[in-house]
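Please look through the model shown here with me, one numbered point at a time. I have kept each point to a single topic, so that you can follow it in the sequence and in the 3D view.

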Amino acid sequence: MDRDKLRRKVEKQTVRDHTNMRHWADRRKRRYDKLMNEPVLPGFCTLCFICMVAGTAATVSFDLYAHFAYHNAITTAQMLCNAATSGFFTWLIFAVMVIPSAAIQLYRGFDDPYFERFRLTKRGRPRMPIRKRFTLYLAIASIGLAILFVCYLLTRIFLV
């Protein structure tokens, strides 16, 4: 390969690399701008709500599993008490985050252009109104907290 041909090849590769880097930097800047214009609170509220439900189910199911796997170690009353305690405190941890964040978001409203993209699904069907979703987050977290608190108190009063 002669020297000029090699030089042209290296220049083409350099141009391609610079173009790729420029596109990469542009994409990165667009992602950053997009994220900076999105509100954090709706995503945080949704994430905490999902973790609240999944975490409570996981802790209660683990207590049930521990009872059935090691049946000799704990009685059924202890298992119910452990399950109620785990479920209540897991729900409480996440409800402390969900209830205020959903209430703040409901107070702020949904006038931001960010919420426009949640009006329709990808197929063009209307979704649940976003105000209704945050109202459900608030209601489910509050009602679940009350129910699990009653279960926790009942197991502490009658089973211990």
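1. Arg 125 counts as exposed because its relative accessibility is 52%, where exposed means over 50% relative accessible area, buried means under 20%, and partly exposed lies in between, with a 1.4 Å probe and protein chains only. Arg 125 sits in the loop between helix H3 (76-108) and H4, and, leaving aside residues up to four places away in sequence, Arg 125 touches Arg 119 and Leu 120, a contact being heavy atoms within 4.5 Å. Lys 9 is 116 residues apart from Arg 125 along the chain, and the C-alpha atoms of the two are separated by 52 Å.

2. Before going further, please keep in mind that this is a predicted model, in which local features need pLDDT of at least 70 and side-chain atom pairs count only at pLDDT 80 or more, while totals for chains, interfaces and linings use all residues. Residues are numbered from 1 along each chain as its sequence is written, and side-chain values use heavy atoms, with hydrogens and water left out.

3. The protein has 4 helices and 0 strands, and its pattern along the sequence reads α-α-α-α. Here helices (H or I, at least four residues) and strands (E, at least two) are DSSP runs, numbered from the N terminus.

4. The C-alpha trace spans about 90 × 45 × 30 Å along the principal axes of the protein.

5. Of the 160 residues of the protein, 24% count as buried. The accessible surface comes to about 11700 Å², of which 66% belongs to carbon and sulfur atoms, and such areas come from the Shrake-Rupley method with a 1.4 Å probe, with only the protein chains shown counting as cover for residues. Among contacts between residues at least 6 apart in sequence, 74% join residues at least 24 apart.

6. Helix H3 holds Gln 105, and Gln 105 is buried because its relative accessible area is 4%. Not counting residues up to four places away in sequence, Gln 105 touches Leu 41, Pro 42, Phe 110, Phe 115 and Phe 134.

7. Ser 101 also lies in helix H3, and Ser 101 is buried because its relative accessible area is 5%. With residues up to four places away in sequence again left out, Ser 101 touches Leu 41, Phe 44 and Cys 45.

8. Met 97 touches Phe 44 and Cys 48, not counting residues up to four places away in sequence, while its C-alpha atom and that of Asp 4, 93 residues apart along the chain, are separated by 66 Å.

9. Thr 121 is found in the loop between H3 and H4, and Thr 121 is partly exposed because its relative accessible area is 29%. Thr 121 and Ala 25 are 96 residues apart in sequence, and in space they are 31 Å apart, C-alpha to C-alpha.

10. Two packed helices are described by the angle between their axes and the distance between the axes. Helix H2 (residues 41-69) and helix H4 (residues 130-158) pack at an angle of about 35 degrees, and their axes are 11 Å apart; axes are lines fitted to C-alpha atoms, for helices over the stretch in contact, and angles run from 0 to 180 degrees between N-to-C directions. The contact is made by Pro 42, Cys 45, Thr 46, Phe 49, Met 52 and Thr 56 of H2, together with Arg 133, Phe 134, Tyr 137, Ile 140, Ala 141 and Leu 148 of H4.
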